[in-house]
Amino acid sequence: MGILIQLHSFLRWIVLILLLTAIIKSLSGMISKRAYTGSDNKISLFLLISTHTQLLVGLALYFISPWVQFSSEAMKAKEIRFYTMEHLVMMLIAVALITIGHVSSRKATTDAAKFKKAFWFFFIALVVIFAAIPWPFMPVARPWF
């Protein structure tokens with residue numbers, strides 16, 4: 001479990017860096033009205049790949065974690081509920097938003113539409129991710145990750 005936690009922790013930084021990069025590039029593309037290039041698509045693709053890799057590692061952790069429990073009492077305990085339901089659901093939503101953002105920006109017909117779709121889907125995914133991270137100041141944060 002220790003290696004998976006370290007990998008999950010490391011990959012979050014890759015995802016966040018790529019996500020912030022994709023958001024900034026999309027915003028600058030919208031503002032400057034520049035062409036959507038292969039570089040923009042590559043950042044989006046690498047974001048998609050790293051996000052799905054993070055999802056797979058997270059799902060592996062989900063099924064072996066002592067903080068994930070399926071019982072009637074689990075929903076009454078904040079920490080267990082957070083790791084059993086809230087973190088998982090919000091991260092699945094973020095992965096879906098990133099996937100939709102990547103696909104819809106590739107399918108858009110104009111450069112402006114590509115940047116706009118990528119920006120909004122990625123930005124909303126970032127907000128969801130920030131809401132789903134077990135921050136140290138949160139009462140559900142645990143030192144094991």
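Which helices are included in what covers the buried residues of H4? The cover includes helix H1 (2-32), helix H2 (38-64) and helix H3 (78-107). This is a predicted model, in which local features need pLDDT of at least 70, side-chain atom pairs count only at pLDDT 80 or more, and totals for chains, interfaces and linings use all residues. Residues are numbered from 1 along each chain as its sequence is written, and side-chain values use heavy atoms, with hydrogens and water left out.

**Helix H4**

- Helix H4 covers residues 111-132, 22 residues in total; helices are DSSP runs of H or I with at least four residues, numbered from the N terminus.
- From its first C-alpha to its last, H4 reaches 31 Å, close to the expected 32 Å (1.5 Å times one less than the number of residues).
- Among the buried residues of H4 are Phe115, Phe119, Phe122, Leu126 and Ile129; buried means under 20% relative accessible area, exposed over 50%, and partly exposed in between, with a 1.4 Å probe and protein chains only.

**Ala132**

- Ala132 lies in helix H4 and is buried, with a relative accessible area of 0%.
- Apart from neighbours within four places in sequence, Ala132 is in contact (heavy atoms within 4.5 Å) with Phe82, His87, Met90 and Met91.
- The C-alpha atoms of Ala132 and Thr21 are separated by 20 Å, and the two residues are 111 residues apart along the chain.

**Met85**

- Met85 is placed in helix H3.
- Met85 counts as partly exposed, at 37% relative accessibility.

How values were computed. Helix = DSSP H or I, 4+ residues; strand = E, 2+ residues; numbered from the N terminus.
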